[in-house]
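This briefing is meant to be read beside the sequence and the coordinates. It takes up the interface first, then a helix pair within it, then the confidence of the prediction.

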Amino acid sequence: MEAIDLAEARDRELVQGIRRRDEEAFRGLFGRYAPSAKSLAMRVVRQSHLAEEIVQEAFMALWRNPAAYDDQRGSVKSWLMGMVHHRAVDLVRREESYRRRAEKTAHQVMDLESDHADEVVEQIGLPDERRRVRAALDELPGPQREVLERMYFDGMSQSQISEATGLPLGTVKSRTLLGMRRLRAALIQEEP
Amino acid sequence: MIRDHAEIEELLAVRSLGGLDGDDVERLERGLASHGDCEECRRLADEYDETAGRLGFALEEMPVDPGQADEILRRASHPASQELAPAAPLAPVDELRARRSRRARAWPALVAAAAVAVVLVISAVAIFGSLGSTGIQASTDQTVVSFSGDAGELAMAYQPGKPGALFVGSDFTDPGSDKVYEIWMLQGETAVSGGCVRPHDGSIVVFVDADLADADRMAVTVEPDSCPSQPTSAPILISDPLVA
């Protein structure tokens with residue numbers, strides 16, 4: 001908890017700096033989270049140049065309106081990733097064909113990355129957070145995890161998942177809720 | 001009507017992951033509205049949003065050029081270079097508004113407005129030197145092309161061989177607080193941004209100071225207000241082929 005609190009305190013300090021138009025603070029937050037943000041955007045939109053645009057848009061929005069972050073509502077890192085995810089999902093919903101065209105290539109990229117994932121995770125930034133989130137996902141029952149991953153990482157809507165899997169819409173929603181309850185408990189209600 | 005937090009919680013969980021769609025979007029809005037100032041609703045929404053945001057960290061980081069931070073700062077400090085200002089003369093705007101007030105939406109009227117407007121704007125621009133001292137004259141060699149698509153009505157007037165084009169449009173919906181319409185010059189497979197614009201009362205009157213020499217067609221997309229350098233969505237309007 002101590003390490004996480006310190007990291008979050010640092011992030012909030014950087015946001016405060018951005019509110020004062022401190023460009024170094026902006027560079028600091030960008031350097032800390034842009035690599036994860038790009039990875040998330042890439043996973044959803046599956047095209048590198050679009051992922052980069054999304055990350056730039058999100059950080060541009062942060063620079064232009066840092067007051068949009070409300071520290072009463074959650075962490076800086078989660079808010080930033082939420083902005084990126086929202087933009088990425090919005091993009092794929094409007095332009096499904098982007099993903100279809102690039103899907104094969106992207107899968108190859110993801111496969112290559114996963115080959116190195118375990119060794120790299122120990123060496124790069126935010127390893128504790130990554131381990132915790134991965135562990136929380138691994139703890140989920142398979143059907144719940146599948147629905148969550150399709151929804152979050154593949155950018156699929158509940159209806160699209162229902163159609164793709166043949167599951168009733170109600171089942172998709174209930175599995176989402178159960179999975180998210182478990183994740184919430186693991187990630188934010190039982191933080192070490 | 002949602003009567004307790006169970007269903008709201010389910011919908012909030014789906015929403016936090018970006019999965020909410022269909023009737024459930026409105027259902028959640030109605031449910032939250034029916035709860036009024038609901039602390040439990042806010043707590044659930046915040047906690048699920050926080051949880052969802054953390055999921056992104058499960059992925060391996062990807063390398064990002066640190067210079068991008070400076071590029072963002074540069075773009076943010078020069079918004080004028082990313083967004084187009086409305087054309088200087090008020091006459092075309094007034095004319096278009098007058099036309100709208102008369103509910104004259106037919107294409108011939110719009111094209112005529114563009115043709116008249118381009119004379120006024122290009123003349124004004126020439127006078128003020130924005131296009132140099134070549135002294136572009138109002139003449140009959142203007143070309144007006146129309147756009148087709150699923151948005152408002154749009155026409156572009158320009159003089160082949162001369163830089164710049166005037167766009168006159170009507171019946172455009174507000175793209176949203178964080179969205180803009182972006183104008184593109186299409187050169188084969190390449191799209192070059194001509195800048196971004198927001199409609200005012202549904203109207204667009206904007207002069208794009210760009211070289212159209214290599215453009216085959218023009219297009220319009222809806223983009224984030226950062227005015228990206230590459231299109232992130234499919235065109236909503238595409239012009240007829242341009243005359244070289």
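The points below are grouped by topic.

The model is predicted, and the predictor gives the complex an ipTM of 0.84 together with a pTM of 0.59. Contact between the chains involves 65 residues of chain A and 44 residues of chain B.

**The side of chain A that touches chain B**

- The 65 residues of chain A that are in contact with chain B divide by class into 30 nonpolar, 17 polar and 18 charged.
- Helix 2 of chain A gives the largest share of this side, with 13 residues.
- Other elements of chain A that give two or more residues to this side include helix 3 (48-64), helix 4 (76-94), helix 5 (96-121) and helix 6 (127-139), and also among them are helix 7 (142-152), helix 8 (158-165) and helix 9 (169-189).

**Helix 2 of chain A against helix 4 of chain B**

- The axes of helix 2 (residues 23-45) of chain A and helix 4 (residues 67-77) of chain B come within 9 Å, and they cross at roughly 130 degrees.
- With that angle, helix 2 of chain A and helix 4 of chain B are therefore oblique to each other, and their crossing is right-handed.
- On the chain A side, A:Glu23, A:Phe26, A:Arg27, A:Phe30 and A:Ala34 of helix 2 take part, meeting B:Gln68, B:Ala69 and B:Leu73 of helix 4 of chain B.
- By class, this contact between the two helices has five nonpolar residues, one polar residue and two charged residues.

**Make-up of chain B**

- The secondary structure of chain B comprises seven helices and eight strands, and 43% of the 244 residues of the chain count as buried.
- Among the contacts in chain B with a separation of 6 or more, 66% are accounted for by residues 24 or more positions apart.

**Confidence along the chains**

- Chain A has an average pLDDT of 83, with 79% of the residues scoring at least 70, whereas chain B has a mean pLDDT of 74, with 72% of its residues reaching 70 or more.
- In chain A, pLDDT stays under 50 over residues 104-125, a stretch for which the model has eleven contacts beyond four places in sequence.
- In chain B, pLDDT stays under 50 over residues 80-107, for which the model has 50 contacts beyond four places in sequence.
- Residues 122-139 of chain B also have a pLDDT below 50, and this stretch has 19 contacts in the model beyond near neighbours in sequence.

How values were computed:
Residues are numbered from 1 along each chain as its sequence is written. Chains are lettered from A and ligands numbered from 1 in the order in which they are written. This is a predicted model: local features need pLDDT of at least 70, side-chain atom pairs count only at pLDDT 80 or more; totals for chains, interfaces and linings use all residues. Axes are lines fitted to C-alpha atoms, for helices over the stretch in contact, and angles run from 0 to 180 degrees between N-to-C directions. Helices (H or I, at least four residues) and strands (E, at least two) are DSSP runs, numbered from the N terminus. Angles under 35 degrees count as roughly parallel, over 145 as roughly antiparallel, 65 to 115 as roughly perpendicular and the rest as oblique. A crossing is left-handed if the near helix is turned anticlockwise from the far one by less than a right angle, and right-handed if clockwise. Two residues are in contact if their C-beta atoms, placed from the backbone, lie within 7 Å. Ala, Val, Leu, Ile, Met, Phe, Trp, Tyr, Cys and Pro count as nonpolar, Asp, Glu, Lys and Arg as charged, and the others, Gly among them, as polar. pLDDT is the predictor's confidence in each residue, from 0 to 100. A residue is buried if 20 or more other C-beta atoms lie within 10 Å of its own, exposed if 12 or fewer, and partly exposed in between; C-beta atoms are placed from the backbone.
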